[in-house]
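Have the viewer open and follow along.

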Amino acid sequence: YLNNMCGILAEFYFEENKIDQQTKDKFSDNLSLMAHRGPDASNVISFDKAILGHRRLSIIDLSEAGKQPMQSGKVWITFNGEVYNFKELRAELQNEFYFKSNTDTEVILNGYRKWGIKTLLKKIEGMFAFTIYDEECGKMYICRDRAGIKPLFFCG
């Protein structure tokens, strides 16, 4: 039984400007239902077409730098899990990207920016579920580890 893990929540709308205050309030209410998943912090960020939310259980980087949803350029992530090879991947990325934290989350984020989603998913090893929202291209990616260890529920 796993109850000590982060909680992530995301919504995506195909039409812009569909996110009003009522939508934001309902989203925040739903995120609060996952308070047991991440007692250390909670945060929501919204855009014209997407909302990302995160309930944080701080493990690797306990500082504010590990706060999620996390941003690099115009790319945002909300992440639950652990990337076992994040130090090796970070070493590949550190000449090209400035890292503000010591988190595997930021490695995924910058790995997406360098390699794209398909190559990133081939490179990362671990147990994870995450959502990446790319503001520039207006796309959201919802991903989980190959074995499905971390829970991920999707409805369309």
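Start with Lys49: leaving out residues up to four places away in sequence, Lys49 touches Glu11, Phe12, Tyr13, Phe14, Glu15, Glu16, Ile19, Tyr133 and Gly138, where contact means heavy atoms within 4.5 Å. Lys49 sits in the loop between strand S2 (41–46) and strand S3 (50–56). At 14% relative accessibility, Lys49 counts as buried; the cut-offs are under 20% relative accessible area for buried, over 50% for exposed and partly exposed in between, with a 1.4 Å probe and protein chains only. Helices (H or I, at least four residues) and strands (E, at least two) are DSSP runs, numbered from the N terminus.

A word on what you're looking at: this is a predicted model, where local features need pLDDT of at least 70 and side-chain atom pairs count only at pLDDT 80 or more, while totals for chains, interfaces and linings use all residues. Residues are numbered from 1 along each chain as its sequence is written, and side-chain values use heavy atoms, with hydrogens and water left out.

**The two helices**

Two packed helices are described by the angle between their axes and the distance between the axes. Here, helix H2 (residues 86–93) packs against helix H3 (residues 104–123) at about 85°, and their axes are 10 Å apart. Axes are lines fitted to C-alpha atoms, for helices over the stretch in contact, and angles run from 0 to 180 degrees between N-to-C directions. H2 and H3 are therefore roughly perpendicular to each other, the term for 65 to 115 degrees.

On the H2 side, the contact uses Phe86, Leu89, Arg90, Glu92 and Leu93; on the H3 side it uses Asp104, Val107, Asn110, Gly111, Lys114, Trp115 and Lys123. By type, the residues of this contact split into five nonpolar, two polar and five charged. Here Ala, Val, Leu, Ile, Met, Phe, Trp, Tyr, Cys and Pro count as nonpolar, Asp, Glu, Lys and Arg as charged, and the others, Gly among them, as polar.

Val107 belongs to helix H3 and is buried, at 2% relative accessibility. Beyond residues up to four places away in sequence, Val107 touches Phe86, Leu89, Arg90, Leu93 and Phe99. Val107 and Leu93 are 14 residues apart along the chain, with their C-alpha atoms separated by 7.8 Å.

**Salt bridges**

How many salt bridges does a search of the whole structure find? The search finds two, counting a side-chain nitrogen of Lys or Arg within 4 Å of a carboxyl oxygen of Asp or Glu.

| Salt bridge | N to O distance |
|---|---|
| Lys123 and Glu92 | 3.2 Å |
| Lys114 and Glu96 | 2.7 Å |

Lys114 is partly exposed, at 36% relative accessibility.

**The cores**

The largest nonpolar core has 22 residues, and those with the most contacts inside it are Ile77, Ile108, Leu120, Phe130 and Ile132. A nonpolar core here is a set of buried Ala, Val, Leu, Ile, Met, Phe, Trp, Tyr and Cys residues joined through side-chain atoms within 4.5 Å. Strand S5 (75–83), H2, H3 and strand S6 (126–134) are the elements that give two or more residues to this core. H3 gives the most, with seven residues.

Leaving aside neighbours within four places in sequence, Ile108 is in contact with Ile77, Phe79, Val83, Leu120, Phe130 and Ile132. There's also a second, separate core of six residues, including Phe47, Leu52, Tyr133 and Met140.

Next up is Thr131, which lies in strand S6 and is buried, at 4% relative accessible area. Neighbours within four places in sequence aside, the contacts of Thr131 include Ile8, Ala10, Leu52, Trp76, Ile77 and Met140.

**A cis bond**

Last stop: the peptide bond from Gln68 to Pro69 is cis, with omega near -5°. Pro69 is in the loop between S3 and strand S4 (70–72).

Notes:
Angles under 35 degrees count as roughly parallel, over 145 as roughly antiparallel, 65 to 115 as roughly perpendicular and the rest as oblique.
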